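The following note is intended for a colleague who is opening this structure for the first time. The points are numbered so that each may be checked in turn.

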Amino acid sequence: TVSRLRPFGTTVFAEMSALAVEHSAVNLGQGFPDTDGPTSMLETAQRAIADGHNQYPPGLGVPELRRAVARHQENHYDLRYDPDSEVLITVGATEAIAGSVIGLVEPGSEVVMIEPYYDCYAATVAMAGGIRRTVPLVGDGDGFRLDRDRLAAAFTPQTSLMIVNSPHNPTGTVLGDDDLAEIARLCVEHDVVAVTDEVYEHLLFDDRFHRPLATFPGMRERTLRISSAGKTFNCTGWKVGWVSGPADLVAAARAAKQFMSYVGSGPFQPAVAHALDHEMDWVHTSSIELATKRDLLSAALSDAGFGVHRSEAGYFVCADPRPLGFFDGVEFCRMLPERIGVAAVPVSTFVDDTAPWRHLVRFAFSKRADVIAEAAQRLRRL
Ligand code: PMP
Ligand code: GLN
């Protein structure tokens, strides 16, 4: 492995999922749902396969999906994109992120990201030869918030890009309008492109509301907005994602993407188009159920003796095992599957400066209620 990639090793998701399998543990490590998405979406994919949609789709993605992605953003956020030049279908959000970073980051230029950061950001910035500048979230009682002074200090004349992830993995934090406005102001002032990872855009709880950074003044023309079907429609294995933005920025992402996968997920693309057009009620119901699961798992962790942080969105809740006598999240997560049959992920693997995060552990609640109940029983044995 080249030196650029050596620091990243094997992803923590692969390591913890392997331990979960080895010990028949309840896997609350890797974030994926254990129930299927809407039936009509599954049937559309089955039909697409039966009808012979099994060869390369067009380079930009099938037109009906690009049009559905554009329509969806107009309906939800009043953001208008031309489906023929401003929308690109990718192999999951992961490839949208990689394509955007590799297509836009010059070697030696700087990329600002919030810490903890979803693991692929650091690795793709390294692949592009960029330098990451992290802005740590800070505790605000039971949750986390952005430190705006540190955010402003992270921007330099070398900054070319900021990656913004809200709703946030791993903490479940939703950035408020004032945080987003400050990010927008800094991007405009420093002429920086924003890459926004919004894969949890429809999974907000307690009447929280998602507002894309691209809707802020001056941002539509400098934002690549990324989302994917995996989390919205419970189909993480289909790997259908997309990136929307001004044509020149989308072209940069495409320049990289065409030599990575070229295209992907042919028969799943019309199914996701169908779901975006017809199954948003299903998503709404699913997000309400997810909030209940968040409550179940948060209560179980608290009953077991963890300190539990507030999760406002997405799939994850962060918990503090120090009250139980565990101070190192990595050691804790390596021990947990064998000891009690539960898998989780250490938050310190999503950061550069591990000190403030060393103890913290991420648990996924995107699981059936009976699975969470089983995990709750096992957690009490700690
Ligand atoms: N970004 C974040 C914040 C994620 O949690 C994930 C995992 N779903 C991804 C990107 C990757 O998305 P995909 O599976 O569509 O590649
Ligand atoms: N996004 C999911 C998580 O954070 C899955 C990631 C993966 O397996 N690469 O757990």
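1. Ligand 1 has 15 residues around it, and those that come nearest are Gly 92, Ala 93, Thr 94, Asn 169 and Ser 228. The model is a predicted one, and this description should be read accordingly. By class, the shell around ligand 1 holds nine polar, three nonpolar and three charged residues.

2. Which helices supply at least two residues each to the shell around ligand 1? They are H4, covering residues 92-104, and H8, covering residues 229-232. The greatest contribution to this shell is that of H4, which gives three residues.

3. Around ligand 2 lie Thr 11, Phe 13, Gln 30, Gly 31 and Asn 169. This shell contains four polar residues, one nonpolar residue and no charged residues.

4. Pro 170 sits in the loop that runs between strand S6 (159-165) and helix H7 (177-189).

5. A cis peptide bond is also found between Glu 115 and Pro 116, where omega is about 5 degrees. Pro 116 belongs to the loop between strand S3 (110-115) and helix H5 (119-127).

6. Is the phi of Ser 24 positive or negative? The value is positive, near 45 degrees, and Ser 24 is a residue other than glycine. Ser 24 is placed in the loop between helix H1 (12-22) and strand S1 (26-27).

7. On the H4 side the contact involves Glu 95, Ala 96, Gly 99, Ser 100, Ile 102, Gly 103 and Leu 104, and on the H9 side Ala 252, Ala 253, Arg 254, Ala 255, Ala 256 and Lys 257. These residues comprise seven nonpolar, three polar and three charged.

8. Helix H10 (residues 268-278) packs with helix H2 (residues 39-50) at an angle of about 150 degrees, and their axes are 8 Å apart. H2 and H10 are therefore roughly antiparallel, and the crossing of H2 past H10 is right-handed. From H2, the contact takes in Ser 40, Met 41, Thr 44, Ala 45 and Ala 48; from H10, it takes in Phe 268, Pro 270, Ala 271, His 274, Ala 275 and His 278. The contact of H2 with H10 counts seven nonpolar and four polar residues, with no charged ones.

9. H10 also packs with helix H3 (residues 63-77), at an angle of about 25 degrees and with the axes 8 Å apart. H3 is therefore roughly parallel to H10, and H3 passes H10 in a left-handed crossing. H3 contributes Glu 64, Leu 65, Ala 68, Val 69 and His 72 to the contact, while H10 contributes Gln 269, Pro 270, Val 272, Ala 273, Leu 276 and Asp 277. By class, the contact of H3 with H10 has seven nonpolar, two polar and two charged residues. Pro 270 of H10 takes part in the contact with H3 and in that with H2.

10. As to annotation, an unreviewed UniProt entry assigns residues 26-378 to "domain: Aminotransferase class I/classII large". Over residues 26-378 the chain is 40% helix and 18% strand. How far apart are the end C-alpha atoms of residues 26-378? They are 9 Å apart.

How values were computed
Residues numbered from 1 in each chain as written. Chains lettered and ligands numbered in written order. Predicted model: local features only at pLDDT ≥ 70, side-chain atom pairs only at ≥ 80, totals over all residues. Axes fitted to C-alpha atoms, helices over the stretch in contact; angles between N-to-C directions. Helix = DSSP H or I, 4+ residues; strand = E, 2+ residues; numbered from the N terminus. Parallel < 35°, antiparallel > 145°, perpendicular 65-115°, else oblique. Left-handed = near helix turned anticlockwise from the far one by under 90°. Contact = placed C-beta atoms within 7 Å. Nonpolar A, V, L, I, M, F, W, Y, C, P; charged D, E, K, R; others polar. UniProt positions renumbered as here; feature names shortened; annotations may be inferred. Near = placed C-beta within 6 Å.
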